Amino acid sequence: PIPHLDSRPEEALRELSAHIQSLARRRWSEWHVAAFSFLVRRYGRTLWVERSGGSLAYAEALGRLWSNARYLHIHREGVACAQSMYKHPYFQVRVARATARAPLPVDECLSNRLPIEQFGAYWSAVITRGLGVLRRCAPGDVLHLSYEKLLADPRGVLRRMQRFVEGPREAEDWVEAATACIRPNGSTVTGGDCPEGLRRACRVGMNELARIEASRAA
């Protein structure tokens, strides 16, 4: 992401590389902390948020490596998410290997076009397993946000996100700037054009998300 934040990304990466190489041996998670701490100092920030799509699948490992981690979980309606994954090479590999339960070569994963229902089943499995991990966290360390609600009420959802990350501070300029960046994804197919098998495959995960919403409303 550094090229999006810096007009001279190569220089920033060279400095980061030199910093990392100057450090003594340490645990894998400590290398991440060292890298992000350097970036925080270099850019005069107070914190650095790491975001990777699909990282809910690694929630257990993240919790094991960073015992003080806090989680902002942005979830999406299952059918739309599965349709998006169906077109994405990374998830084509992930789902093919999960279905085969074997580390298939990448070329084989990409050439064997799986039915879209498999992507729905994979999504449900990741949601179920990931939410099970997040339920073990302290309530104040997890915030669940709906992508659909973000589109419907961007300012309200972004304010909740900002308060969770930074606490009670004024950030309306950031909220307005972030709202202007939101672009709905209209590439998915819903309604009558959606295969019933895909809906069934996503039902388990959607039920888990509904439980999260119900517990928050209680």
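The model is predicted. Strand E2 (142-146) and helix H12 (196-217) each give two or more residues to the lining of this pocket. The lining includes Val142, Leu143 and His144, together with Ile212, Ser215 and Arg216. Leu134, Arg135, Cys137, Ala138, Pro139 and Arg160 also line the pocket. By class, 7 lining residues are nonpolar, 2 are polar and 3 are charged.

In soluble globular proteins, nonpolar side chains tend to be buried together. Here, the largest nonpolar core has 31 residues. Tyr122, Trp123 and Leu198 have the most contacts inside this core. Helices H5 (78-86), H6 (89-100), H8 (116-134) and H12 each supply two or more of the core residues. H8 gives the most, with 9 residues. Beyond its neighbours within four places in sequence, Tyr122 is in contact with Ala57, Met85, Phe91, Arg94, Val95 and Ala98. Another core, of 9 residues, lies apart from the largest one. Among its members are Leu143, Leu158, Met161 and Ala178. Leu143 also belongs to the lining of the second largest pocket.

Gln162 lies in helix H10, which spans residues 154-166. The relative accessible area of Gln162 is 7%. Buried means under 20%, so Gln162 counts as buried. Leaving out residues up to four places away in sequence, Gln162 touches Gly167, Arg169, Ala171 and Trp174.

Technical notes
Residues numbered from 1 in each chain as written. Predicted model: local features only at pLDDT ≥ 70, side-chain atom pairs only at ≥ 80, totals over all residues. Heavy atoms only, no water. 1 Å grid on protein atoms, 1.4 Å probe; cavity = no way out; pocket = protein on both sides within 12 Å on 5 of 7 lines; lining within 4 Å. Helix = DSSP H or I, 4+ residues; strand = E, 2+ residues; numbered from the N terminus. Nonpolar A, V, L, I, M, F, W, Y, C, P; charged D, E, K, R; others polar. Core = buried A, V, L, I, M, F, W, Y, C linked by side-chain atoms within 4.5 Å. Buried < 20%, exposed > 50% of the residue type's maximum accessible area, 1.4 Å probe, protein only. Contact = heavy atoms within 4.5 Å.
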